[in-house]
Amino acid sequence: MGWNTLDDVALAGKVVLTRVDINVPMEGGVVTDTTRIDKIGPTVGDIIARGGKVVLLAHFDRPKGKVVPEMSLGHLKAALEASLGRKVVFGSDCIGAPAREAIAAAAQGDVVLLENTRFQPGEEKNDPALAAELAALGDVFVNDAFSAAHRAHASTEGIARLLPSAAGRLMEAELRALEAALGSPQRPVVAVVGGAKVSTKLELLGNLVGKVDHLVIGGGMANTFLVAQGIEVGKSLAERDMAPTALEILAKAKAAGCTIHLPVDVVVAREFKASAANETVAADACPADAMILDAGPATVRAVTAVFEASKTLIWNGPLGAFEIAPFNAATNAAARAAAALTRAGKLISVAGGGDTVAALNQAGAAGDFTFISTAGGAFLEWMEGKELPGVAALMA
Ligand code: AMP
């Protein structure tokens, strides 16, 4: 795969600077969802079991290079202690004497938590001087923050260039799943791309048509493809000025041998609201005063058949306006079909990106997918075929 893991670096007796994503939601000083904290447990436990001293580097929120007390990582100390079951020693700065003193004060088996890296003006600029100050604190760098890997920052990219570096267990799992879905996948591969607009997913579509065997286009963006083919979509969300771009994507797909699947039937309504009166019509029969809010049952059957004929699925974006029932029906049904095939060992299924995780959770399907990425922007940039600087810096 090319990148080091915890198995490739010596950790005994070393101070291990470990970049994590613990940017958890908080309300009134209380952590409301500890998922991100809980997920770093295996990496922290593994480093300690191998004799390393764990020093956590992390950002919180967007302080933009200034000290903002409400964004102090000190607020997370108790939540970390509860989740990890270890004493946490907090350092009131991520560099200099406060950081060195916290590291010295921690016993083997304790976890050091250094202050928000984004309090430093050099962090988001990937300032080499800050990277050097961070690197001077330890012996080895471990990056477990895939969700921050699409940004070249001092605590993700700069530091990795200065120390022996490796992916943590969470990053490793993410990279393996993504590699299995698009790097060297079992074919045929089907991608589902849905969501509101073509314009936000142009690069992603352009990359996918050159890599996958089938591309299912759903959601509002499918309307733009229908318009491009001369089909009227009434009052539906559609980016009419993107029609030429949609045609280019269709041509590129054809040249690459990628079959595009657009809705064959659609659910239309006159209002964008839950339980709005609706009807199912052929994809080319949207009434002039109505809008398409979901794919229809024939489309779901066609999509399910493509899933059944595929070995790998990669999914981003809902097939309809999934937040308002009943326009979540196609997304839910397709997600459940993918989940059942995955459970049966017939499909490798990887999904990610903002709304997609919420949509699959709502369908009750997320638990059965092979891998769900919560990385958002990093997942999308990876689907676009871009090199992620935080990952590139870990290459052995
Ligand atoms: P994205 O963030 O691009 O993945 O888009 C997700 C959003 O697209 C969700 O808020 C959906 O409600 C919306 N969406 C999907 N299909 C449609 C549609 N046919 N009409 C309007 N909005 C849609």
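Predicted model: local features only at pLDDT ≥ 70, side-chain atom pairs only at ≥ 80, totals over all residues.
A polar contact here is a pair of N or O atoms within 3.5 Å; within protein, one of the two must be able to donate a hydrogen and the other to accept it, and residues adjacent in sequence count only if both atoms are side-chain atoms.

Residues are numbered from 1 along each chain as its sequence is written, and side-chain values use heavy atoms, with hydrogens and water left out.

Back to asparagine 126, which sits in the loop between β6 (111–114) and α5 (128–135). Helices (H or I, at least four residues) and strands (E, at least two) are DSSP runs, numbered from the N terminus. Asparagine 126 has a relative accessible area of 19% and is therefore buried; the term means under 20%, with exposed over 50% and partly exposed in between (1.4 Å probe, protein chains only). Setting aside neighbours within four places in sequence, asparagine 126 is in contact (heavy atoms within 4.5 Å) with Ala152, His153, Ala154, Glu157 and Gly158.

Now step back to the whole chain. The domain assignment, which is automatic or from a database, gives domain 1 (6–168) and domain 2 (185–383). Taken over C-alpha atoms, the centres of domain 1 and domain 2 are 37 Å apart. Six residues of domain 1 are in contact with six residues of domain 2.

What about charged pairs? The structure holds 20 salt bridges, each a side-chain nitrogen of Lys or Arg within 4 Å of a carboxyl oxygen of Asp or Glu. In one of them, the side chains of aspartate 7 and arginine 50 meet at 3.0 Å, N to O. That pair links distant parts of the chain, 43 residues apart: aspartate 7 belongs to the segment before β1 (15–19), and arginine 50 to the loop between α2 (41–49) and β4 (53–57). Aspartate 7 is partly exposed, at 48% relative accessible area, and arginine 50 is partly exposed too, at 32%. Aspartate 7 also forms a salt bridge with arginine 169 (2.9 Å, N to O). Here the partners are 162 residues apart, with arginine 169 in helix α7 (residues 169–183). Arginine 169 counts as buried, at 19% relative accessibility. Arginine 50, for its part, also meets aspartate 46 in a salt bridge of 3.1 Å, N to O. Asp7, Asp46, Arg50, Arg169, Glu172 and Arg176 are linked in a network of these bridges.

Next comes the nonpolar interior. A nonpolar core is a set of buried Ala, Val, Leu, Ile, Met, Phe, Trp, Tyr and Cys residues joined through side-chain atoms within 4.5 Å. The largest has 68 residues, and Leu114, Phe146, Leu208, Leu215, Phe225, Ile314 and Trp382 have the most contacts inside it. Helix α7 gives the most to this core, with six residues. At least three residues come from each of domain 1 and domain 2. Leucine 215 touches, among others beyond four places in sequence, Ala191, Val193, Leu205 and Ile260. A second, separate core has 31 residues, including Val16, Ile22, Phe60 and Leu113.

Where does helix α9 (residues 220–228) stand? Nine of its nine residues are buried, so α9 is largely enclosed by the rest of the structure. Glycine 230 follows α9 and has a positive phi, near 85 degrees.

How many residues surround the ligand? There are 15, the closest being Ala196, Lys201, Gly220, Ile292 and Glu323; a residue counts if one of its heavy atoms lies within 4 Å. A polar backbone atom of glycine 220 is 3.1 Å from a nitrogen atom of the ligand. A polar backbone atom of alanine 196 is 3.0 Å from a ligand oxygen atom. Finally, a polar side-chain atom of glutamate 323 lies 2.5 Å from an oxygen atom of the ligand.
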